[in-house]
Amino acid sequence: MASVAKFRNSTVWKVWILFLAEFLGTGTLLFGGCMAALDGFDNITTNVSRGLTFGMIVMMVFITFSATSGAMINPVVSLAAFIYGTLSFPLMLVYTVAQFAGALCGYGLLKAITPAKYYHLALEQGEGHCVTVPHDSLSSGEALAIEILLTGVLVWTNCGVWDPRNSKDSDSVPIKFALLIAGLSIAGGPLTGASMNPARSLAPAVWNRSFDGLWIYFAGPYVGSLLMATIYRYMFWQAANTQSDANPRIACDGPRAKHLP
């Protein structure tokens with residue numbers, strides 16, 4: 001028993017739990033979100049219904065796993081957390097691997113339990129079920145810009161939530177993020193699919209072997225995250241703390257998540 005307790009307090013166990021939380025959280029996002037985007041079973045989805053459901057799934061995942069890993073469920077949010085100072089570089093890599101693996105498994109599970117005819121029909125009518133592709137009227141540059149901006153809004157919101165000055169307003173964060181994801185998805189869905197998440201776009205692309213424009217859903221979110229997290233971290237966050245003595249420690253070494261080993 002003592003050896004078990006010692007192992008559960010070890011760094012290896014703590015990192016494994018963080019990996020598992022992000023794996024299951026991202027898997028749930030793809031399983032539940034893409035299930036709600038499935039046209040079939042006498043049901044036709046809409047842009048609004050898909051956006052709202054993705055928002056609700058994010059809220060559920062956040063409530064379940066935020067206390068464990070922060071429920072980032074998005075590689076570009078993990079990058080933003082590293083830039084912001086919440087994640088170390090090794091943990092950012094752990095989170096990223098967990099998120100891509102979780103997305104692939106979550107979508108794969110959905111495909112395994114769903115009649116194949118619906119996936120064949122989606123491929124006949126377009127690029128495949130839950131696959132994100134730019135609208136035909138958009139150039140690659142326009143689609144890239146949209147993904148950069150949508151992801152930037154998402155990352156800025158995360159940075160605001162991580163800001164210690166907002167710690168007293170954390171009770172309604174799951175609802176706020178549900179509405180944020182729903183709003184961004186509804187607004188950007190008809191244009192690019194409003195991915196904002198490379199793992200979310202990669203999994204359906206791999207399982208449907210549909211890779212048209214996939215680079216946009218890697219380049220756009222990563223560029224948006226890098227830009228917006230850097231701007232917040234080195235402009236808004238620092239400037240605010242140099243004008244206030246409310247928490248002088250933050251201005252010196254940055255915020256650190258309490259769950260990190």
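Reply: A disulfide joins Cys 34 to Cys 130, with the two sulfurs 2.1 Å apart; the word is used for a pair of cysteine sulfur atoms within 2.5 Å. Keep in mind that this is a predicted model, where local features need pLDDT of at least 70 and side-chain atom pairs count only at pLDDT 80 or more, while totals for chains, interfaces and linings use all residues. Side-chain values use heavy atoms, with hydrogens and water left out, and residues are numbered from 1 along each chain as its sequence is written.

Back to the link. The structure holds 1 disulfide. The angle about the S-S bond is -80°, which makes the link of Cys 34 and Cys 130 left-handed. Cys 34 lies in helix H2 while Cys 130 is in the loop between helix H6 (116–125) and H7, so the pair ties together parts that are 96 residues apart in sequence. Helices here are DSSP runs of H or I with at least four residues, strands are E runs of at least two, and both are numbered from the N terminus. Both Cys 34 and Cys 130 are buried, meaning under 20% relative accessible area; over 50% is exposed and anything in between is partly exposed, using a 1.4 Å probe and protein chains only. As for two other cysteines, Cys 159 is buried at 0%, whereas Cys 105 is partly exposed at 43%.

Now zoom out a bit. The chain has 11 helices and 0 strands. Buried residues make up 47% of its 261 residues. Take contacts (heavy atoms within 4.5 Å) between residues at least 6 apart in sequence: 78% of them join residues at least 24 apart.

What's in the middle? The largest nonpolar core has 53 residues, and Leu 154 and Trp 162 touch the most other members. A nonpolar core, by the way, is a set of buried Ala, Val, Leu, Ile, Met, Phe, Trp, Tyr and Cys residues joined through side-chain atoms within 4.5 Å. Helices that give two or more residues to this core include H2 (11–36), H7 (140–162) and H10 (216–242), and H5 gives the most, with 7 residues. In soluble globular proteins, nonpolar side chains tend to be buried together.

Trp 162 deserves a visit. Setting aside neighbours within four places in sequence, it is in contact with Met 72, Val 77, Ala 80, Ala 81, Tyr 84 and Thr 86. Trp 162 also belongs to an aromatic cluster with Tyr 84, Trp 156, Tyr 232 and Phe 236.

Speaking of rings, the count comes to 11 aromatic pairs. Rings of Phe, Tyr and Trp (its six-membered ring) pair if their centres lie within 6.5 Å; planes under 30 degrees apart are stacked, over 60 edge-to-face, and the rest tilted. Phe 100 and Phe 218 are stacked, because their centres are 5.9 Å apart and their planes sit at 5°. With Phe 100 in helix H5 and Phe 218 in helix H10, this pair ties together parts 118 residues apart in sequence. Phe 100 is buried at 16%, but Phe 218 is partly exposed at 26%. Trp 156 and Phe 236, on the other hand, form an edge-to-face pair, 6.0 Å centre to centre with 85° between the planes.

Leaving out residues up to four places away in sequence, Gly 224 touches Ile 148 and Gly 152.

Last, the charges. A search of the whole structure finds 1 salt bridge, that is, a side-chain nitrogen of Lys or Arg within 4 Å of a carboxyl oxygen of Asp or Glu. Arg 165 and Asp 163 form it, at 2.4 Å from N to O. Asp 163 is buried at 2%, while Arg 165 is partly exposed at 40%.
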